[in-house]
Amino acid sequence: MLENLEVLPPDPILGLIAAFAQDDNPEKIDLGVGVYQDDSGRTPVMQAVLDAEARLLETEGSKSYLPPAGTAAFNTGVQQLLLGDDCSNRYGGRLASIQTPGGCGALRIGAEVIQRSSAGNRVWVSDPTWANHLPLLGGAGLTFETYPYYDLAGHRLDFDGMMACLQQAQAGDVVLLHGCCHNPSGADLSLEQWRAVTDLALQKAFTPFVDVAYQGLGAGLEEDAAGWRWMAERVPEMFIASSCSKNFGLYRERTGALVLLAETEQAAAAGKSQALNAARQIYSMPPSHGALAAGLILQEPALRDAWQSELEQMRNRIVQMREALVEQLGDDFAFIRDEFGMFSFLGIAPEQVTHLREKFGIYMVDSTRINLAGLNSDNLEYFVAAMRSL
Ligand SMILES: Cc1ncc(COP(=O)(O)O)c(C=O)c1O
């Protein structure tokens with residue numbers, strides 16, 4: 001059986017990680033991989049997570065399965081983080097969520113639910129979008145249309161293009177939006193633009209699916225949520241995929257949630273039961289460790305305060321790197337200061353990407369997306385010198 005199969009090429013980002021690992025240049029810099037790094041280039045476990053884990057070690061007592069929807073502390077905590085502390089009063093039974101293996105799990109289970117609905121299976125994604133959106137949603141059978149989002153030559157959000165294109169969206173279509181810190185461009189919708197997209201969703205009766213993988217790393221925990229909260233208060237139906245990989249640093253613990261906001265309580269119950277059934281067909285129960293830790297942090301005021309201030313330090317470091325880079329590279333790169341989260345496109349030519357890799361050991365994906373958190377006080381000067389040499 002297996003001999004009938006072809007060997008597939010490795011994922012480009014994994015190929016880049018492998019090439020970086022083999023590079024013996026002592027000054028090499030990895031701007032490709034999408035994980036946060038501190039000023040010493042490490043991706044440490046957050047102190048609040050270590051403290052929560054220490055408590056779990058004392059109290060957990062069993063590794064028996066979690067319930068299929070995961071734990072209530074985690075699901076409630078994530079709902080409140082996304083939609084505000086008063087969300088259960090505001091939305092009541094219209095809101096349902098299940099814990100998933102990471103944001104990827106939430107995107108995939110959300111796609112499975114959409115595919116099972118008779119309404120349609122067409123999803124509009126931004127051009128560009130995170131490369132993994134296509135296999136995650138397409139693997140469930142959804143088909144794609146793209147809407148313009150980022151003007152690479154102009155280094156800016158193409159909001160007019162986006163809105164003009166989405167005029168074609170129809171009832172039953174899904175429009176995938178990045179909640180904040182758009183990956184790969186870093187260009188986010190302003191609150192005013194979220195309002196306009198909300199009006200369009202109401203007019204065209206499409207369902208927004210908001211992918212929230214970086215809450216707290218853009219403008220702040222509450223600030224980042226303002227746009228999708230505005231939308232949630234107005235649209236009859238919305239999907240949210242939430243990831244704790246970046247903002248809790250729980251990458252390998254596969255911690256996330258799919259949140260469904262439905263028009264009625266009955267539709268929410270139906271959506272949740274379909275999500276659980278889809279999960280049962282794929283992985284049965286969610287993993288527990290990361291969600292227990294995140295749930296504890298979200299419910300315990302002291303842990304939550306500690307986590308929030310740590311997250312704010314991470315966010316500030318990224319903002320500082322953006323500012324330092326623009327200061328050193330000059331106004332041609334001023335757009336980097338106006339973008340959010342870990343990523344921005346440098347917008348250099350493909351041969352310059354190769355040159356930076358081969359001559360300087362500076363690694364980035366071919367699209368020129370860089371992870372600003374890969375820069376730090378030790379390597380910034382080297383990176384700037386390499387850029388000036390182009
Ligand atoms: C835009 C976007 N969505 C979702 C995810 C999912 O992350 P995870 O499955 O690791 O929680 C990521 C991770 O890089 C992402 O960049």
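Predicted model: local features only at pLDDT ≥ 70, side-chain atom pairs only at ≥ 80, totals over all residues.

Trainee: What is the order of the strands in the open sheet?

Mentor: Strands of a sheet pair through backbone hydrogen bonds, in a parallel or an antiparallel sense. Here 7 strands form an open sheet in the order β2-β10-β9-β8-β7-β3-β4, and the pairing is mixed.

Trainee: Do β8 and β9 pair in the parallel or the antiparallel sense?

Mentor: Strand β8 (residues 207–212) pairs with strand β9 (residues 238–243) in the parallel sense, over 4 bridges. Val210 has Ile240 in β9 as its bridge partner.

Trainee: Which strands does helix α3 touch?

Mentor: Helix α3 (residues 72–83) packs on the sheet and touches β2, β8, β9 and β10 (256–261). The direction of α3 makes about 115 degrees with that of β2. Helix α9 (residues 221–232) lies across β8, β9 and β10, at about 155 degrees to β9.

Trainee: Which residues of α9 are buried?

Mentor: They are Asp224, Ala225, Gly227, Trp228, Met231 and Ala232. Because these residues cover an arc of only 145 degrees around the axis, they lie on the same side of α9. The buried residues of α9 pack against α3, α8 (191–204), β8, β9 and β10.

Trainee: How does the length of α9 agree with its 12 residues?

Mentor: At 1.5 Å a residue, α9 should span 16 Å; the end C-alpha atoms of α9 are 17 Å apart, which agrees.

How values were computed: Residues numbered from 1 in each chain as written. Pairing = 2+ DSSP bridges. Helix = DSSP H or I, 4+ residues; strand = E, 2+ residues; numbered from the N terminus. Contact = placed C-beta atoms within 7 Å. Axes fitted to C-alpha atoms, helices over the stretch in contact; angles between N-to-C directions. Expected span 1.5 Å × (residues − 1). Buried ≥ 20, exposed ≤ 12 C-beta atoms within 10 Å, placed from the backbone. Arc of directions from axis to C-beta.
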